[in-house]
Amino acid sequence: MNIQEYIASGILESYVLGATDPEENRIVEKMIKKNTILRKEVEKNRKALHTYLWSYAQRPPQALRGNILDQLDTLDKE
């Protein structure tokens, strides 16, 4: 499999999303250590994911913090 086929396979996107198993992780990590094109592709995918996540991020309701802290206090008292 050549580099472009490897990129087109979707494995790098899956790796960045954390959807690969440990064996696939080892393979991808070995490949990106050896190949600058793959390393840049992984970084490009990470940046795209980061941009996507921040563009749709929403602040939780203010009351949620208080509710969580109250529940934690209740757990500490048990």
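**Note on the predicted model: core, loop, salt bridges and surface**

1. The largest nonpolar core has 10 residues in all: Y6, I7, I11, L12, Y15, V16, V28, I32, L38 and V42. A nonpolar core here is a set of buried Ala, Val, Leu, Ile, Met, Phe, Trp, Tyr and Cys residues joined through side-chain atoms within 4.5 Å. Two or more residues of this core come from each of α1 (3–8), α2 (11–17), α3 and α4, and α2 gives the most, with four residues. Helices are DSSP runs (H or I, at least four residues), numbered from the N terminus. In soluble globular proteins, nonpolar side chains tend to be buried together.

2. The model is predicted, so local features need pLDDT of at least 70 and side-chain atom pairs count only at pLDDT 80 or more, while totals for chains, interfaces and linings use all residues. Residues are numbered from 1 along each chain as its sequence is written, and side-chain values use heavy atoms, with hydrogens and water left out.

3. Which residues does V28 touch, leaving aside its neighbours within four places in sequence? They are Y6, I11, L12 and Y15, where contact means heavy atoms within 4.5 Å.

4. N35 lies in the loop between α3 (22–34) and α4 (36–56). N35 counts as buried because its relative accessibility is 18%; buried means under 20% relative accessible area, exposed over 50%, and partly exposed in between (1.4 Å probe, protein chains only). A polar atom of the N35 side chain lies 2.8 Å from the backbone nitrogen of I37, and the N35 side chain also reaches the backbone nitrogen of L38, at 3.0 Å.

5. The count of salt bridges comes to two, a salt bridge being a side-chain nitrogen of Lys or Arg within 4 Å of a carboxyl oxygen of Asp or Glu. R26 and E23 form one of them (2.9 Å, N to O); both lie in helix α3, three residues apart, about one turn of the helix. E41 and K44 also meet in a salt bridge (3.4 Å, N to O), and both are in helix α4, again three residues apart. E41 counts as buried at 15% relative accessibility, whereas K44 counts as exposed at 51%.

6. A48 is also in helix α4. A48 is partly exposed, because its relative accessibility is 46%. The C-alpha atoms of A48 and S14 are separated by 13 Å, and the two residues are 34 apart along the chain.

Note on methods
Polar contact = N/O pair within 3.5 Å; in protein donor to acceptor, adjacent residues only side chain to side chain.
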